[in-house]
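Visitor: I should like to understand this structure step by step. May we begin with a term that will be needed later?

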Amino acid sequence: MAVVPGLNIGVGLLVLVVVWVATALACIAMAAIPKARYGVPVVLLVSLVITLVLLLYPREAPGQTTVPPQEEVDGTYFGRLVLLIILGVCLVGGAIAMAAFYLLEPIHAGHKRTLYITS
């Protein structure tokens, strides 16, 4: 498997990231142009086809022998777990804060109209 130096990801994943980033940029650019808005589904469909071809295309010959996999140890498991916990807490806290500000919005009473009767 070919690995991109410095990123520690495979070439296929890098190609998929580039395809979808280009798709997002194209959709944003087309959304700003009124006549080009109908091209957004086409761009998304082309990106989806490219993704499916890259995912379903065989990477090795059918009769090729494979090397038994080595045991991999993830040295960043604890850091990823802490980051996931922090993100989850921020998500819940933000949802609660947003709901609190939405539900607890003050309702101001209107001015009372008085009728002065002079006799």
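Guide: Two residues are in contact when heavy atoms of theirs lie within 4.5 Å. Please also keep in mind that this is a predicted model.

Visitor: In what pattern do the helices and strands follow along the sequence?

Guide: The secondary structure of the chain comes to three helices and two strands. Read along the sequence, these elements give the pattern β-β-α-α-α.

Visitor: What share of the residues in the chain is buried?

Guide: A residue is called buried when its relative accessible area is under 20%. The chain has 119 residues, and the buried share of them is 8%.

Visitor: How far does helix α1 reach from its first C-alpha to its last?

Guide: Helix α1 covers residues 11-32, which is 22 residues. At 1.5 Å a residue, a reach of 32 Å is expected, and the reach in the model is close to that value: 32 Å.

Visitor: Within what arc do the buried residues of α1 fall?

Guide: The buried residues in α1 are L16, V19, T23 and C27. They line one face of the helix, because, seen down its axis, they fall within a limited arc. An α-helix has 3.6 residues a turn, so residues three or four places apart point the same way. The arc for the buried residues of α1 is 70°.

Visitor: Which residues are exposed on the other side of α1, and against which helix do its buried residues pack?

Guide: On the other side of α1, the exposed residues are L25, I28 and A32. The buried residues of α1 pack against residues of another helix, which spans 40-56: α2.

Visitor: How far apart are the end C-alpha atoms of α2?

Guide: Helix α2 has 17 residues, which at 1.5 Å a residue should span 24 Å. The distance between its end C-alpha atoms agrees with this, being 24 Å.

Visitor: Which exposed residues does α2 carry on the face turned away from its buried side?

Guide: In α2, V40, V43, S47 and T51 are buried. Seen down the axis of α2, these residues fall within an arc of 70°, so they line one face of the helix. What covers them includes α1. The face turned away from that buried side carries the exposed residues P41, L45 and L56.

Visitor: Is T23 buried or exposed, and which residues does T23 touch?

Guide: T23 is found in helix α1. Its relative accessibility is 4%, and therefore T23 counts as buried. A polar atom of its side chain lies 2.8 Å from the backbone oxygen of V19. Not counting residues up to four places away in sequence, T23 touches V43, L44 and S47.

Visitor: How many disulfides does the structure hold?

Guide: A disulfide is a covalent bond between the sulfur atoms of two cysteines. C27 counts as buried at 14% relative accessibility, whereas C90 counts as exposed at 53%. The number of disulfides in the structure is zero.

Note on methods. Residues are numbered from 1 along each chain as its sequence is written. This is a predicted model: local features need pLDDT of at least 70, side-chain atom pairs count only at pLDDT 80 or more; totals for chains, interfaces and linings use all residues. Side-chain values use heavy atoms; hydrogens and water are left out. Helices (H or I, at least four residues) and strands (E, at least two) are DSSP runs, numbered from the N terminus. The expected span of a helix is 1.5 Å times one less than its number of residues. Buried means under 20% relative accessible area, exposed over 50%, partly exposed in between (1.4 Å probe, protein chains only). The arc is that of the directions from the helix axis to the C-beta atoms. A disulfide is a pair of cysteine sulfur atoms within 2.5 Å. A polar contact is a pair of N or O atoms within 3.5 Å; within protein, one must be able to donate a hydrogen and the other to accept it, and residues adjacent in sequence count only if both atoms are side-chain atoms.
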